[in-house]
Amino acid sequence: MRVLGIDPGLTRCGIAVVEGSIGRPLRLIAADAIRTTPDTDLPQRLLGIERGIEDWLDKYEPEAAAVERVFAQHNLSTVMGTAQASGLALVCAARRGLPVVTHTPSEAKAAITGNGRADKAQVGTMVARILGLDGPPKPADAADAVALAICNIWRGGAQSRVARAQQDFARKVELARRARGR
């Protein structure tokens, strides 16, 4: 399975593609960050993130997407930008009919390191070890996106099937609704 991992952010949106399955070696296809500058207007920043995600979807043709679930900490303005980037990731994947699963940061950290409170350095080190890389993907947001993709492959198989079934059901309901409306 080829999974697109997205660590949403307004300035740096980590993005990665990992291929593999449970019990088999995983392979990093690509990892990077989509960047926007704080001095650019918000709509243009969001458009840049959306275009970047769409480019990755076109180029790497993933079969599923894993997006970090947004949670509120202390800085609400940061959370708002992260939530907006997350929404774009969800919409881009859903537009293509991909099953989308969200994972909390602690869930991804636990899947990769065995510790849901691991720091970024620990996550990066384990991502490199799991994938047989010389070092963690850079920037750290890209390593986090890789961790999300790995988490989805290892833990998300059942979640992906449920998400796909929910999407299929929603499509059938919508088609039935449209047929009745004619």
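Contact here means heavy atoms within 4.5 Å. The structure is a predicted model, in which local features need pLDDT of at least 70, side-chain atom pairs count only at pLDDT 80 or more, and totals for chains, interfaces and linings use all residues. Residues are numbered from 1 along each chain as its sequence is written, and side-chain values use heavy atoms, with hydrogens and water left out. Helices (H or I, at least four residues) and strands (E, at least two) are DSSP runs, numbered from the N terminus.

Buried means under 20% relative accessible area, exposed over 50%, and partly exposed in between (1.4 Å probe, protein chains only). Glu 50 lies in helix 1. Its relative accessible area is 19%, so Glu 50 counts as buried. Beyond residues up to four places away in sequence, Glu 50 touches Leu 88, Cys 92 and Arg 95. Ile 53 is also found in helix 1. Ile 53 is buried, at a relative accessible area of 0%. Its contacts, leaving aside neighbours within four places in sequence, are Ile 6, Ile 15, Ile 34, Leu 88, Ala 89 and Cys 92. Between Ile 53 and Ala 89 there are 36 residues in sequence, yet the C-alpha to C-alpha separation is 6.9 Å.

Helix 2 comprises residues 76–95. The expected span is 1.5 Å times one less than the number of residues. The buried residues of helix 2 are Val 79, Gly 81, Thr 82, Ala 85, Ser 86, Leu 88, Ala 89, Cys 92 and Ala 93. These buried residues pack against strand 1 (2–7), helix 1 (42–60), strand 4 (64–68) and strand 5 (100–103). Just after helix 2, Gly 97 takes a positive phi of about 75°.

Strand 5 contains Val 100. Val 100 is buried, with a relative accessible area of 18%. Val 100 and Ala 65 are 35 residues apart in sequence, but 4.8 Å apart in space, C-alpha to C-alpha.

Two helix pairs were examined next. Axes are lines fitted to C-alpha atoms, for helices over the stretch in contact, and angles run from 0 to 180 degrees between N-to-C directions. Helix 3 (residues 105–113) packs on helix 4 (residues 120–131) at an angle of about 50°, with the axes 9 Å apart. Helix 3 is therefore oblique to helix 4. Angles under 35 degrees count as roughly parallel, over 145 as roughly antiparallel, 65 to 115 as roughly perpendicular and the rest as oblique. The contact involves Lys 109, Ile 112 and Thr 113 of helix 3, and Gln 122, Val 123, Met 126, Val 127 and Ile 130 of helix 4.

The axes of helix 4 and helix 5 (residues 140–155) come within 9 Å and cross at roughly 60°. This pair is therefore oblique too. From helix 4, the contact draws on Lys 120, Val 123, Gly 124, Val 127, Ile 130 and Leu 131. From helix 5, it draws on Ala 140, Ala 143, Asp 144, Val 146, Ala 147, Ile 150 and Trp 154. Helix 5 has 16 residues and reaches 22 Å from its first C-alpha to its last, close to the 22 Å expected at 1.5 Å a residue. Helix 5 is mostly covered, with 13 of its 16 residues buried.
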